[in-house]
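Dear colleague,

Please find the structure below.

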Amino acid sequence: MIRLVTSLTAVCLVLGNLDSAEARSYRSDAFDGSWHLIFETRSGSCDSSYDFDVNVSNGNISYPNLVRFRGRVSRSGAVRAAVTVQDKHAAGTGRLDPTSGSGTWSGYSGTAKCTGIWNATKG
């Protein structure tokens, strides 16, 4: 169950806060394509690492078969996503450039909580 939460959190990789010091604007399709994600757990009882792929199209982040998932990449590269499956929830923040990115994530399953970092490369 904790593994599922962490995997879902990983999907949330692309969450972020727009940093006013980096108010750069990319083309609207700069982030489109497949992204490979690697998640590392820094605290909590989740597995030590996870990796999988998501897709970005027109700023929308998608991962197959997740009903309650929402995610967006802004033209500045700030990303935001969250997923909920039953009593499990995950969310994260970070920033992408057109070829890579990184950020943080957190999630819970019941009373178990985990946090960590993520790194992404465009594939």
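A polar contact is a pair of N or O atoms within 3.5 Å; within protein, one must be able to donate a hydrogen and the other to accept it, and residues adjacent in sequence count only if both atoms are side-chain atoms. The side chains of Thr84 and His89 make such a contact, at 2.9 Å.

This is a predicted model, in which local features need pLDDT of at least 70, side-chain atom pairs count only at pLDDT 80 or more, and totals for chains, interfaces and linings use all residues. Residues are numbered from 1 along each chain as its sequence is written, and side-chain values use heavy atoms, with hydrogens and water left out.

Thr84 lies in strand E5 (strands, E, are DSSP runs of at least two residues and helices, H or I, of at least four, numbered from the N terminus). Thr84 is buried, with a relative accessible area of 18%, because buried means under 20% (exposed is over 50%, partly exposed in between; 1.4 Å probe, protein chains only).

The average pLDDT (the predictor's confidence in each residue, from 0 to 100) is 81. Where pLDDT is low, the predicted coordinates should not be read in detail.

Yours sincerely
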